[in-house]
Amino acid sequence: DDSERALIARREKVLGPAYRLFYEKPLHLVRGEGVFLYDVAGEKYLDAYNNVASLGHCHPRVVEAITKQTAILNTHTRYLHEGIVDYAETLTETFPDTLSQAMFTCTGSEANDLAVRIARFVTGGTGIIATELAYHGLTSAVAEFSPSLGESVTLGPHVRTVPSPDAYRNSPEEVMEKFGRDVCAAIADLKRHGIKPAMLVTDTIFSSDGIFAGPKGFLKPAVDAIHEAGGLFVADEVQPGFGRTGETMWGFERHGVSPDMVTIGKPMGNGYPMAGIVLRPEIIAEFGPRARYFNTFGGNPVAAAAGKAVLDAIRIDGLQHNALDVGRYLMDGLMSLSHTAIGDVRGSGLFIGVEIVSDTATKRPDAALTTRIVNGLRERRILISASGPNANILKIRPPLVFAREHADMLLSALDDVLNTA
Ligand code: PMP
């Protein structure tokens, strides 16, 4: 309507064309509660996409923690305050013993930016290996190894990329070995150019690469290779972390590898901007005394309170288990939708990709149909998105409080859309 068009025009005028919205007719939201979002006309949408509000929108426990703390004290992070200590203790307890210290930032980009700086400082190398369509963040240093940003970014001369583990188009056995082989080749190529490797950085469910969960254990040879070459392994858990993959709290644990640093963000404050790195204490011991770290907002009292409330809710409400249970239920349901456009259903817990193809024999990506599905679901008041190199993978990544009844809503709407799109 007119007021909507006027708002879009105002937005374009003041924000310009780079700051894009989902959908041709953007969704004008005014409120969220649990797994539901409400638009300006009062229509209710099932959110099957947003992992920032990982406990559900406006979770009472987090709202209360933020409200309480913000009324008492919020300041920069250079005074002694209990909140950050409490939070760091609770957070590091969810990690294996080797990862016992934390550093806080405000965004995932900053966390990865700091991780590169630390990796270079402690290894003396500069080389970085990432996956072909990874997104690790927006800072200049991180954009240089975030190929999914496309033409706005030039990969650094010190960056090598490797294909992600596509188990749909390769056999699991092949995927299992290929990644390690590719990383070894990338290390060799860096060395040939006189570049010492500093780190291998990967998602532990490869998100922008195509939502590949990878066969379990496939990361191990690659991690061994980067360690042998004197580099560090950085696990980017910004998307899969905080129980989403269901089986484990952190995605890397599915693969039986020990990262040197783990970068975390998105769900960490259920919407309150906070992120960070959890790392081996030996690394901070090396980095800390000589290269100082300061972050005005990272780990501030309100952030710490929000983060603590999130971890408490995950534990008390059993959300990791819910992700496993409802994730399996949803994946089974997706697999049993008999439609020729569904080429592959993959993922772990509540992080699921559905690859849409023009027919399952040729596996040819069908981006146009994928867009029609995403739009068709929106018309049926369900929000998901599309991802992957060919924009033909339905990305299903709902809040962890998603219940079976919500999965049923998604499944029946998707079935309906597939039969008409
Ligand atoms: N790493 C991954 C895997 C991400 O998905 C994102 C955000 N999409 C980031 C890092 C960057 O996080 P932020 O947007 O909070 O800077």
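Modeller: One term before the sheets: two strands pair if DSSP finds at least two bridges between them. Also keep in mind that this is a predicted model.

Biologist: Fine. Which strands form the four-stranded sheet, and in what order?

Modeller: The order is β1-β2-β3-β13. The sheet is open, and its pairing is mixed.

Biologist: Which strands stand at the edges?

Modeller: β1 (29-33) and β13 (382-383). Each has a single partner strand, so one side of each is left without a neighbour in the sheet.

Biologist: Take me across it. How many bridges pair β1 and β2, and in what sense?

Modeller: Four bridges, in the antiparallel sense; β2 covers residues 36-39. E33 has F36 in β2 as its bridge partner.

Biologist: And what does F36 stand opposite in β3?

Modeller: L46. β2 and β3 (residues 44-47) run antiparallel and are joined by three bridges.

Biologist: How many residues sit between the strands in that hairpin?

Modeller: Four. In this hairpin of β2 and β3, G42 takes a positive phi near 85°.

Biologist: What's the sense of the β3 and β13 pairing?

Modeller: Parallel, over two bridges. L46 has I382 in β13 as its bridge partner.

Biologist: New topic. How is the protein divided into domains?

Modeller: Domain 1 takes 2-55 + 318-420, and domain 2 takes 60-316. Their centres, taken over C-alpha atoms, are 25 Å apart.

Biologist: How many residues does each domain put into the contact?

Modeller: Domain 1 gives 27 residues and domain 2 gives 28.

Biologist: Which elements supply at least two residues on the domain 1 side?

Modeller: α10 (319-335), β11 (342-348), β12 (351-356) and β15 (393-396) each do. By class, the domain 1 side has eleven nonpolar, eleven polar and five charged residues.

Biologist: Let's do helices. What angle do α2 and α9 pack at?

Modeller: About 155°, with the axes 8 Å apart. α2 is residues 60-72 and α9 is residues 301-316. Angles over 145 degrees count as roughly antiparallel, and α2 and α9 are therefore roughly antiparallel to each other. Their crossing is right-handed.

Biologist: Which residues of α2 and α9 meet?

Modeller: From α2, R61, V62, A65, I66, K68, Q69 and T70. From α9, P301, V302, A305, A306, K308, A309, V310, D312 and A313. That contact divides into ten nonpolar, two polar and four charged residues.

Biologist: What about α6 and α7: what are the angle and the axis distance?

Modeller: About 20° and 7 Å, for α6 (residues 172-192) and α7 (residues 220-228). That makes α6 roughly parallel to α7. The crossing of these two helices is right-handed.

Biologist: Which residues make that contact between α6 and α7?

Modeller: F179, G180, V183, C184 and I187 come from α6, and P221, A222, A225 and I226 from α7. The classes are eight nonpolar, one polar and no charged.

Biologist: And α10 with α12: what angle do they pack at?

Modeller: About 20°, with the axes 9 Å apart; α12 is residues 404-420. So α10 is roughly parallel to α12. α10 passes α12 in a right-handed crossing.

Biologist: Which residues are in the contact of α10 and α12?

Modeller: V326, Y329, L330, G333 and L334 of α10, with R404, A407 and L411 of α12. Six are nonpolar, one is polar and one is charged.

Biologist: Back to strands. What is the order of the seven-stranded sheet?

Modeller: β4-β10-β9-β8-β7-β5-β6. This sheet is open too, with mixed pairing. β4 (101-105) and β6 (159-162) stand at the edges, each with a single partner strand, so one side of each lacks a neighbour in the sheet. On average, neighbouring strands are turned by 20° against each other, direction ignored.

Biologist: How many bridges join β5 to β6?

Modeller: Four, and β5 (residues 127-131) and β6 run parallel. A130 stands opposite T161 in β6.

Biologist: Which strands of the sheet does α6 touch?

Modeller: β5, β6 and β7 (197-203). The direction of α6 makes about 160° with that of β6.

Methods. Residues numbered from 1 in each chain as written. Predicted model: local features only at pLDDT ≥ 70, side-chain atom pairs only at ≥ 80, totals over all residues. Domains from an automatic or database assignment. Contact = placed C-beta atoms within 7 Å. Nonpolar A, V, L, I, M, F, W, Y, C, P; charged D, E, K, R; others polar. Axes fitted to C-alpha atoms, helices over the stretch in contact; angles between N-to-C directions. Parallel < 35°, antiparallel > 145°, perpendicular 65-115°, else oblique. Left-handed = near helix turned anticlockwise from the far one by under 90°.
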